[in-house]
Amino acid sequence: MRWVNLIFGGFALLTAISTSVQAQSFPAKSIVFVVPYPAGGGVDLTGRLLAGKMSQQLARSIVIENRAGAGGTIGAEYVAKAAADGYTYLIGGTGPLSVAPALYKNLPYNPIRDFAPVMLVVRIPQILVVHASLPVRSLSELLALIRKHPGQFNAASGGTGTGQHLSAALMATMAKVQITHVPYKGTAPAVSDLLGGHVEMYFGDPSILPLVKSGRLRALGVTTKDRYPALPDVQSIGEVLKGFELISFYAMSAPAGTPREIVQRMNAEANKALVDPETRQKFESNGLLPAGGTPEYLGDLIRTHSAVSAKVLREANATKD
């Protein structure tokens, strides 16, 4: 048996040496950031801003791949099944990482088991907006109008299981109103239909701020506990619906099994990028709140948010696809 132990010990040693060498030479080629939504939304912007700075720091190109569909789960599955060599990362939102398990019966990946958390990139409020022609000026007026016309109000989202879907479900449950969820294949088509008057409301990320400031959309509430600095005159939804609070996030994750040394390196580089004054200003000017932190912090956040998401969707009687 001693020779068997020696063989297995030798394999373990060779594996450890190989991993160490791989980490020391990292990165030896281009890195891919997979964004599980179409170009143009907040997740895409986050990935591009982060990639721009990190590629300078690492002296390697970082390529953005948009793999959209199914509320972000198509792109997430792709990364979960990618080689765990440190060259593929998910820049994913709340939807595929913490909401999807509560919605999909046959989700082709496990957000906890199949990913190695790298870093929380940004926290984001969801902003409740309506078309400027809708005759309401406050959240209270909107809820009164919905109650007066039950079954006639739709809430668009970038897909089933997204933070937008979750926010609408929580508001409908707490306000005891009927709102029909209308999922789209990404935020861009959802916003397009909102602007065209085909849906009545939408919980958007800060990428919609220019449309609010131009007057084409009207903001009626934000999902943060306190008011959002970018829209100081807009109520937090919790001011009308006591106890309402829902924060979404965008994060970086790697396939499970990615060498710890590489995860730590990417975490350090991502944190470094977020404290760079110019990069931070770009995030903040787009309404994104830079976060950062350790891989462990992100892992804990995903587990906590998953529990909250499951509770909200269960109470809203949201069906699994």
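Reader: Which hand does the crossing of H6 and H11 have?

Author: A crossing is left-handed if the near helix is turned anticlockwise from the far one by less than a right angle, and right-handed if clockwise. Here H6 passes H11 in a left-handed crossing. Helices are DSSP runs (H or I, at least four residues; strands are E, at least two), numbered from the N terminus. The model is predicted: local features need pLDDT of at least 70, side-chain atom pairs count only at pLDDT 80 or more, and totals for chains, interfaces and linings use all residues. Residues are numbered from 1 along each chain as its sequence is written, and side-chain values use heavy atoms, leaving out hydrogens and water.

Reader: Which residues of H6 and H11 make the contact?

Author: Contact means heavy atoms within 4.5 Å. H6 brings His-165, Leu-166, Ala-169, Leu-170 and Thr-173, while H11 brings His-305, Ser-309, Val-312, Leu-313 and Glu-315.

Reader: And how many cavities of 30 Å³ or more are there?

Author: On a 1 Å grid over the protein atoms alone, a cavity is a set of points where a 1.4 Å probe fits but cannot get out; lining residues have an atom within 4 Å of a point. Points are joined across faces, edges and corners, and a volume is the space filled by probe spheres set on them. The count is 1 cavity of 30 Å³ or more, and the largest cavity holds about 140 Å³. Its lining has 17 residues, with Tyr-37, Val-43, Gln-164, Asp-205 and Tyr-250 nearest the centre. S10 gives the largest share of that lining, 3 residues.

Key:
On a 1 Å grid over the protein atoms alone, a cavity is a set of points where a 1.4 Å probe fits but cannot get out, and a pocket is an open set with protein on both sides within 12 Å along at least five of seven lines; lining residues have an atom within 4 Å of a point.
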